[in-house]
Amino acid sequence: MTTGSGSDYVVQMQPWLGEEEKKAVVDYLDSGGWLTEFRRTREFEQALAAYIGARHVSVVMNGTVSLFAALAALGVGVGDEVIVPDLTMIASANAVLLTGATPRFVDIDRATLCLDLAEAERRITPRTKAIMLVSFNGRAPDMDRAVALARDRGVLLVEDAAQALGSRWRGKHLGTFGAVGSFSFSSPKVITTGQGGALVTDDDALIAAIRKIKDFGRLRDGVDEHIALGYNFKFTDLQAVIGLAQMTKLDWRVQRKKELFALYRSELANVPEVTFVETNLSETSPWFIDVLVPDPATLRQFLHERGIGSRPFYPPIHTQAPYREPGSFPETERASRQGLWLPSSSFLEDRTVRRICDEIRAFYRGGPRTSA
Ligand SMILES: Cc1ncc(COP(=O)(O)O)c(C=O)c1O
């Protein structure tokens with residue numbers, strides 16, 4: 001349902017690639033580059049580092065292996081536990097499992113939809129090696145408290161900031177608070193390279209370990225001597241030139257996401273069934289427009305029949321096949337049950353948002369209404 005069928009179907013999300021990306025790819029191909037990771041990848045990493053405000057950036061194949069590489073570089077493995085919020089994209093938990101460690105799911109805080117820090121503190125055990133904080137839709141908990149919790153309890157803070165490019169907490173970019181932050185450039189993200197992920201850290205030794213893990217554990221670039229266990233998580237210059245072109249549009253997109261969220265919020269302000277999560281738009285650039293409604297499946301079908309795509313929130317991870325376990329996660333269950341992502345492309349026009357909101361009003365009031 002999210003992709004729709006007709007050409008004027010309003011999809012929930014789509015990447016936005018334009019003439020700049022096309023030209024960048026053609027120019028790159030004309031340059032005789034090898035496609036593989038080289039100079040253009042370094043430029044993309046530098047552009048990201050400057051934007052995010054991190055000392056080091058290493059880009060990899062996607063935001064799942066980036067999380068795995070981060071955890072592996074930090075020494076997380078068999079016998080360790082990692083605290084993961086129960087509401088997240090499943091990759092957050094899968095990356096933990098990939099290292100051989102065990103994810104321990106913790107409920108979210110209703111105010112932010114991010115990890116409940118008080119509950120996380122209660123769930124720390126002697127085996128807890130790290131807390132994975134997920135910036136759900138660009139929001140964050142009290143990051144001073146998260147940093148202090150990790151420091152005081154001697155655990156690592158890893159930030160899954162896949163949904164948070166362009167979002168900050170008290171002026172500091174998300175992904176830069178813990179030992180390492182991870183980003184994703186999959187197609188629905190704020191900027192995309194088709195697939196792609198990035199790790200950010202200020203730690204020289206950690207970035208060296210990450211770079212080894214992503215390149216077969218090589219001693220040096222191009223040298224077949226292996227001083228650690230590594231894999232091939234490398235990026236490509238072909239993706240990097242697209243990423244660099246996308247970066248030139250990032251400021252605008254971040255701003256546009258904020259405007260779209262504000263427009264939806266004001267258009268739907270008088271619909272009591274629709275709840276918005278408190279969002280400080282001076283810092284948060286919502287990746288998706290998220291609302292909580294009593295009956296997302298019925299609303300979704302109604303919108304679909306009117307040519308509008310939407311997407312339900314993730315299910316609680318503890319209910320999914322690889323992890324099925326009992327537990328009490330009332331806030332995650334509530335958000336999963338009620339959450340719906342509305343059309344969120346940064347190039348949606350205001351009049352389309354108004355039409356979507358008219359339809360939502362019609363759904364709840366039994367007939368189309370004009371907006372105030
Ligand atoms: C919170 C979160 N973590 C991890 C990922 C995984 O990223 P990727 O799809 O690039 O592997 C995603 C992707 O949507 C995500 O939203």
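This is a short walk through one protein structure, from its overall build down to a few single residues.

Hi everyone, and thanks for coming. Before we start, please keep in mind that this is a predicted model: local features need a pLDDT of at least 70, side-chain atom pairs count only at pLDDT 80 or more, and totals for chains, interfaces and linings use all residues. Residues are numbered from 1 along each chain as its sequence is written.

Let's begin with confidence. The score, pLDDT, is the predictor's confidence in each residue, from 0 to 100. The protein averages 95, and 97% of the residues score at least 70. Residues 1–5 fall below 50, and this stretch has 11 contacts in the model beyond near neighbours in sequence. The pLDDT is also below 50 over residues 367–372, with 11 contacts beyond near neighbours in sequence. By a contact I mean two residues whose C-beta atoms, placed from the backbone, lie within 7 Å. Where pLDDT is low, the predicted coordinates should not be read in detail.

Now the overall build. The protein has 12 helices and 13 strands; these are DSSP runs numbered from the N terminus, helices being H or I of at least four residues and strands E of at least two. Its C-alpha atoms fill a box of roughly 70 × 55 × 35 Å along the principal axes. The radius of gyration is 21 Å, which agrees with the value near 21 Å for a compact globule of 372 residues. That radius is taken over C-alpha atoms, and the globule rule is 2.2 Å times the number of residues to the power 0.38.

How much of the protein is buried? Buried residues make up 51% of the 372. A residue is buried if 20 or more other C-beta atoms, placed from the backbone, lie within 10 Å of its own, exposed if 12 or fewer, and partly exposed in between. Of the contacts between residues at least 6 apart in sequence, 68% join residues at least 24 apart.

Next, the ligand. Which residues come nearest to the ligand? There are 14 residues around the ligand, and G63, T64, M89, A162 and S184 come nearest. Helix 3 (63–73) and helix 4 (91–99) are the elements that give two or more residues to this shell. A residue counts as near if its C-beta atom, placed from the backbone, lies within 6 Å. By class, the shell has four nonpolar, nine polar and one charged residues. Here Ala, Val, Leu, Ile, Met, Phe, Trp, Tyr, Cys and Pro count as nonpolar, Asp, Glu, Lys and Arg as charged, and the others, Gly among them, as polar.

Helix 3 comes up again with helix 7, residues 204–214. The buried residues of helix 7 are I207, A209, I210, R211, K212, I213 and K214. Their cover includes strand 1 (56–60), helix 3 and strand 9 (197–201). After helix 7 comes F216, with a positive phi near 60 degrees.

Four strands form an open sheet in the order 10-11-13-12, with antiparallel pairing; two strands pair if DSSP finds at least two bridges between them. Strand 10 (275–276) and strand 12 (311–312) are the edges, each pairing on one side only. Strand 13, residues 339–342, is joined to strand 12 by two bridges, and strand 11 (residues 289–292) is joined to strand 13 by four. L340 in strand 13 stands opposite P312 and also opposite V291, while W341 stands opposite R311. Both faces of strand 13 are covered: G339 and W341 are buried on one side, L340 and L342 on the other.

Finally, some single residues. P315 is found in the loop between strand 12 and helix 11 (330–338). Is P315 buried or partly exposed? P315 is partly exposed, because 15 other C-beta atoms lie within 10 Å. P315 and I90 are 225 residues apart in sequence, yet 9.0 Å apart in space, C-alpha to C-alpha.

Two other loops hold residues with positive phi. L35, between helix 1 (19–30) and helix 2 (39–52), has a phi near 75 degrees. N137, between strand 4 (128–134) and helix 6 (143–153), has a phi of about 55 degrees. Neither the L35 value nor the N137 value belongs to a glycine. L35 counts as exposed because it has 12 C-beta neighbours inside 10 Å, whereas N137 is buried, with 26 other C-beta atoms within 10 Å.
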